[in-house]
Amino acid sequence: MTGGEPPRDDAGSGTDPAPGGTSGQTTSGGGGFSSVDSPAESPKGTTGDASAGPEGSEGAQGSDTAGRALAAPTAPDGRRSAGPPVPVTGTERHGMFGQHGSGDTSGYGGLITAPYVPVPAERPYGGWFDDLADRLADAMAARSIPGSAISQVSVEHGEITLAVPREHLVSLLWTLRDDPGLRFELASSISGVDYGIGVPRRLHVVYELTSMTWRRRIRLEVAVDVDDATVPSAVGVYPTADWHEREIWDMFGIVFSGHPGLTRILMPDDWDGHPQRKDYPLGGIPVEYKGAEIPPPDERRRYG
Amino acid sequence: MTRARSTRTTEGRVFTVTGGDWDEMLSEAGFDGGTGRLVDEGFSGTGPDAGASGDEEFAGDGGDDRIIINMGPQHPSTHGVLRLILELEGETVVRARSVIGYLHTGIEKSCEFRTWTQGVTFVTRADYLSPAFNETVYCMTVERLLGLQVPARAEVIRVLLMELTRISSHLVALATGGMELGALTAMTAGFREREEALHLMEYLTGLRMNMAFVRPGGVAQDLPDGALEHIRGFIDVMDSRLPEYDALLTGQPIWKRRMVGVGVLPLEGCMQLGITGPILRSAGLAWDLRKTMPYCGYETYDFDVPVATEADCYARFRLRLEEIHQSLRIMRQTVDRLAEPGPVMVDDPKVAWPAQLSIGGDGMGNSLEYIRRIMGQSMESLIHHFKLVTEGFSVPPGQAYVAIENPRGELGAHLVSGGGTRPLRVHLRDPGFVNLQAMPAMAEGSLIADVVAAVASIDPVMGGVDR
């Protein structure tokens, strides 16, 4: 099975299993996500250490553009902290029946798993991904987009994902759309994801781009905090993003700055809340049949 | 009786019409019902009240009035609960906007509270005219997350069901589109043939629609005995009847005058708006995921992707008709491949339904031998059965996006797993949702009657648009 057991070890050893430990999570998240410049050099096992000095060690590697991943050649001033660590993309899970934080190895407690962090990919990525990375690095250099515009590359299930800080999103989209070697003409799908309460930067916007010329698909991912859920709008680049972004605003409450008319689209205009957030209840009423009462789906006992 | 009220706004005089007061409003606006023209400035109206009211508000002030009308959400020519807001100047549409969400049922959210297998029964109800596609794209994405390879026979069955569904979906597009343009015989003919398709679907899967037949790892069960004869019979029926559509519609002068040059959306517009499917192909780009990014073994089938360059409603109609022929061609090839038996579910006891299904006295269910074994002989099998059926299987954490070509364009599924037995996020990229954004571009500047033709050629299915 592909990617069945991602780097659980480093994140799991973070002594604080509670999702509330924001600082601890951020660190482990940073550990999982060395910046884009580093994958060429840092082997998987050492990613935890790489996070310790994101400025120093990676700066040196970043300037080493010979074996670069997506490092733009214009990163001689060292790796700023501008490339924030991509947050964990998964909730911490506990055992069944409300087991929390015990050292129980009887089975139930053993079900605790650490939040999932996608593995940073290392060059060579394989297939056309390397070709894409080269072209993208060149195009970014030509448009003087800093290498920090891509904070991580991960390759899973034969799909490549670029984690992008939001401030570089639009310029990167322009590059991906217009550069002759890239030509991602079609924004196939833009969807929001809420990774759940307690996950740092839990709201993600996921852009599935398709290149009709090269017949390739890539994914861009932007992560934001609930308190600061703002992402620049892609409507200027891809007009088709209009309704996608309205839907994400409607369902997840992410504001797309620069959108021409960011209104609700599926829910009524006067609706309160954003239904697909994880803290928004599914709702539902118990059903009574022959005297027995069946609770609504979100209040039933969970097995998984 | 309520009367049409008007208010003065910065945009001019705005009438609020609530139904039943249409004549009144027209007379107050200075519209002469006899001549059918907006009468001149200063005319105080021909209606009984208009002149008598003496209200300056109602004095007709000429033909520069724009009327904003709501078409839908309950209107027979809006393809379901779609609401169009049209700003009219006379009969010309100046601005058009669509309002959706009336059929939002929270399918994506509901999926997060069910197992991965149960998700199939939700997504199949999204675009209710092409359920096989929803199921397949969802299952393909789950399989990608699981790293599974589906048995060949299961893929052939999926292709068969998808092409059958494409035919029935296109038939509904022709039928309802024809009805909306006044070609009622197109409607009766389209639904007659769709009935054949649904009968076959019922024979193959047990249900006419929303079959939930495709499951992660394969399909629910093998096709019944005699399936191949039924499929061949269906193909013969369709082959004999499809020429009727050509005879009835393709060359028909009224049909052509309603469609040719109407709802034009050239390639630039399609690309900007992310349009896929027959609309894109009617603008000249032969983009069909079955050919360009093959899946389910489509690269091994022999079929053509029809393309047109007129980019109008008539071209889309002709493409849909031709695609039905091509789908029949693919179905014929699946029949040959289905002659060979084989497994239809992946050989992985962690994913596949643990029991062999068979027909008992009370219908389809776990076979008696199986029940006997897990109840009497193997405690572990019983536990396994219970766990897999109630808890479901876990999917390793991560995300995946798979797209297939459904009758309306690119149908994508973006699934995120947190590692549990339930999805963290299910998102369907429905082509109807995206393509409907093209409605203003097609409709603005045209007559109101052409809006109907344009919407019919987009062929949105509100279940998929609103999810």
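**Exercise 1.** What share of the contacts in chain A with a separation of 6 or more comes from residues 24 or more positions apart?

*Solution.* Start with the term: a contact means heavy atoms within 4.5 Å. Now take the contacts in chain A with a separation of 6 or more: 60% of them belong to residues 24 or more positions apart.

Before you go on, note that this is a predicted model, where local features need pLDDT of at least 70, side-chain atom pairs count only at pLDDT 80 or more, and totals for chains, interfaces and linings use all residues. Residues are numbered from 1 along each chain as its sequence is written, chains are lettered from A in the order in which they are written, and side-chain values use heavy atoms, leaving out hydrogens and water.

**Exercise 2.** Work out how much of chain A is buried.

*Solution.* Buried means under 20% relative accessible area (1.4 Å probe, protein chains only). Chain A has 304 residues, and 52% of them are buried.

**Exercise 3.** Describe the open sheet in chain B with the order 5-6-7.

*Solution.* Step one: strands here are DSSP runs of E with at least two residues, helices are runs of H or I with at least four, and both are numbered from the N terminus. Two strands pair if DSSP finds at least two bridges between them.

Step two: the three strands pair antiparallel. At the edges sit strand 5 (67-71) and strand 7 (92-99) of chain B, each pairing on one side only.

Step three: zoom in on strand 6 (residues 83-89) of chain B, which seven bridges join to strand 7 of chain B. Leu88(B) stands opposite Val93(B) in strand 7 of chain B.

Note on methods. Buried < 20%, exposed > 50% of the residue type's maximum accessible area, 1.4 Å probe, protein only.
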